[in-house]
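Me: Please take one part of this structure and look at it closely. Then show me what else the chain holds.

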Amino acid sequence: MKRTLGVCYYPEHWPESQWAEDAARMAALGLTWVRIGEFAWARMEPTPGTLDWAWLDRAIETLGAAGLKVVLGTPTATPPRWILAKHPDMIAVDRDGKPRGFGSRRHYCFSHRPYRQECARIVGLMAERYGKNPHVAAWQTDNEYACHDTVLSYSVAAQQAFRDWLAQRYQSPEALNRAWGNVFWSMDYASFDEINLPNLTVTEANPAHVMAHRRFASDEVASFNRLQTQIIRRHTDAPIAHNYMGQITDFDHFAVGADLDIASWDAYPLGFLSDRLPATAEHKRRFVRQGDPDFQAFHHDLYRAVGRGRWWIMEQQPGPVNWAPWNPDPLPGMARLWAWEAFAHGAEAVCYFRWRQAPFAQEQMHAGLLRPDSVAAPAFEEAALVARELADMPNVEPARADVALVFDYASAWAWETQPQGRDFSYFRLVFEAYKALRRLGLNIDILPPDTADLSGYKLVLAPGVATLSAAFIGALGSFTGTALLGPRTNAKTEEFATPVPLPPNLPGLNATVARVESLPPDVPVPLTERGNFLHWREKVETTAEVLETTQDGWPALIKSGGIHYLTGWPDDAAWAQLLIGLSNAQGIDTDTLPEGLRRRDTPTHRFFFNYNSVAVDWGDATIPAAGVYWAKH
Ligand code: GAL
């Protein structure tokens, strides 16, 4: 497949007299796609029921006439002020019970049924009008579900919807009481109407209650999205996407993705490094203008799985952003490197955010491909270079990896609900495993937790999956490669109880987790061969083969057949030791790469991405600072 570039554009921000020139410049730059519309509700419907499509008709026509394909976004992330006046209770409420006000975006609660009807109405009108428009070649629902911490809402609407959801799931209050263990502190309910959302409790709420709420809130995002996709599909065959984010686990992206044709995500490597990535100060300094060398790739692989193979970058950072604690300028070359890395991981399209920097409102400090005065900003030339390179490049095809890593959103909720040690972050555990694999030069596929067939993989990792699905346990039973599970894998039931017999309950592995301990980060537990466990470890009683132990004598890695169980959280050195051993035993070649250099194989090419600010020599190649190198196999 030929890979393509695009850009995010807001015609409503600019005088109409500028549109044609903008469109011509986009086309001349070599862009294929232009995403528009996602925040423009107040211009589409300035007052209740007064619709103004004329400007949008002309914008789409102008862009289309220049040869661009339009991605049309539904505007439901920014309901106009008058909708709020009509439905004052549609606003989300935070966990302290405070309503979240108007004046930015995402000011709605997913559970508010009348707001859903407003969404269905505007999406229906848009889809009717533009579903057959020849220039509208793809759709985007809403914008970044979960952004600004908006999934969990403690509104009256959410409470009502939660009670309905509980009644459906448990059928009777007695069944719910049993499932949650409400006998514990006399927490039994006599009716579903007595059950509140799990905020404002005196001390921690029952974790089963919290987990039910997390599952419910995730389902609400999925059904909110489904309402839109069902309407859009009545009017068009164009693919539908949503733009997800980085390191956001508040809803099950696989569940939302099931209703979409394409997964896409918004990649802001420098913002993420500064704002959210758990890393040392030294690491953040080293990669301050490049981004973490694995963070983008991890999400590329994750969203390739969420999109069942089809995925895009819907927004790519082009220069400094405005929203992180610090907002550095990317090194020259990064706007090109990030795009190529996405293509090498199978992105169909990469769209830069945004065309022109806005001189007004919240994001006036956020760079675009153009400055506010329309002069090209540095990323403009880099995008032009990528466009020329793509034109010369034969098709870039995705590769099937030997190694797979499971990612499970419900486990993120589980370990947030009951971390047991402050540092037990599910995302971090999985991301560290991913980084360790990437440092060895490996391609990785990410798998959803209900994967039922592991054939074709040689090595499969599923650290920290709180409850293994029946499908996955079945797949393990017939898997002929190496599976590495643990720590904390299969440690809870679906209802968030401790299973008896005790975990891990893996097919063919005789092992019992008899004790767990969490530790402060400066108390490592040394392993016999190399590295340490950090944060967490388990004492297993087992008759299985013990491959590695801690220096104080607890089994660290055990195995029976292909099933391996890891009893702690490895540091980087321990991961490297373990993964080199397990990979090589499966005939997977590893290549320990220099810091900041990463590689990705496609069926035809080997790509190198140098996240360092200095050139790196590797094999026959010199990869420039912030540079990309590729060669045919
Ligand atoms: C994204 C969002 C865009 C814009 C951008 C700025 O999270 O989808 O609308 O706000 O961030 O970096």
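Reply:
**A strand pair and its sheet**

Strand β9 (residues 403–406) and strand β11 (residues 459–462) run parallel, joined by three bridges. Strands here are DSSP runs of E, at least two residues long; helices are runs of H or I, at least four long; both are numbered from the N terminus. Two strands count as paired if DSSP finds at least two bridges between them. One place to look is Val403, which stands opposite Leu459 in β11.

A word on the model. It is predicted, so local features need pLDDT of at least 70 and side-chain atom pairs pLDDT 80 or more, while totals for chains, interfaces and linings use all residues. Residues are numbered from 1 along each chain as its sequence is written, and side-chain values use heavy atoms, with hydrogens and water left out.

Now widen the view. The pair belongs to an open sheet of seven strands, in the order β10-β9-β11-β12-β18-β17-β16. The pairing in this sheet is mixed. Which strands stand at the edges? They are β10 (444–447) and β16 (545–549). Each has a single partner strand, so one side of each is left without a neighbour in the sheet. Neighbouring strands of this sheet are turned by 20 degrees against each other on average, direction ignored. Such angles lie between lines fitted to C-alpha atoms, for helices over the stretch in contact; they run from 0 to 180 degrees between N-to-C directions. Strands of a sheet pair through backbone hydrogen bonds, either parallel or antiparallel.

**Strand β15**

Next, find β15, residues 532–542. His535 is in this strand. It has 7% relative accessibility, and therefore counts as buried. Buried means under 20% relative accessible area, exposed over 50%, and partly exposed in between (1.4 Å probe, protein chains only). Leaving out residues up to four places away in sequence, His535 touches Asp423, Arg428, Glu517, Ser518, Leu519, Pro521 and Trp569. Touching, or contact, means heavy atoms within 4.5 Å.

What does Val540 contact beyond its neighbours within four places in sequence? The partners are Thr512, Val513, Pro555, Ile558, Tyr565 and Thr567. Take Pro555: it is 15 residues from Val540 along the chain, and their C-alpha atoms are separated by 6.7 Å.

**A three-strand sheet**

Another open sheet has three strands, in the order β20-β21-β24. Its pairing is antiparallel. The edge strands, β20 (597–601) and β24, each pair on one side only. The twist averages 15 degrees from one strand to the next. Five bridges hold β20 to strand β21 (residues 605–610). Asp601 has Arg606 in β21 as its bridge partner. Helix α13 (residues 334–344) lies across β20, β21 and β24, and runs at about 145 degrees to β21.

Most residues other than glycine have a negative phi, and most peptide bonds are trans. Some places here depart from that. Arg488 is not a glycine, yet its phi is positive, about 65 degrees. Arg488 is in the loop between β12 and β13, and is buried with a relative accessible area of 5%. Pro504 is in the loop between β12 (482–485) and β13 (511–518). The peptide bond from Pro503 to Pro504 is cis, with omega near 10 degrees. Another cis bond joins Phe353 and Arg354, with omega about 0 degrees. Arg354 sits in the loop between β8 (349–352) and α14 (378–392). Ala626 has a positive phi near 50 degrees. Its loop is between β23 (621–623) and β24 (628–632), and at 3% relative accessibility Ala626 is buried.

**The core and the whole chain**

The largest nonpolar core has 198 residues. A nonpolar core is a set of buried Ala, Val, Leu, Ile, Met, Phe, Trp, Tyr and Cys residues joined through side-chain atoms within 4.5 Å. Those with the most contacts inside this core are Trp139, Leu166, Trp180, Trp340, Trp355 and Leu461. Helix α8 (residues 207–233) gives the most to it, with 10 residues. Apart from it lies a core of nine residues, including Trp33, Ala138, Ala241 and Met314.

In total the chain has 18 helices and 24 strands. Of its 633 residues, 60% count as buried. The C-alpha trace spans about 75 × 70 × 40 Å along its principal axes. Among contacts with a separation of 6 or more, 71% are between residues 24 or more positions apart.
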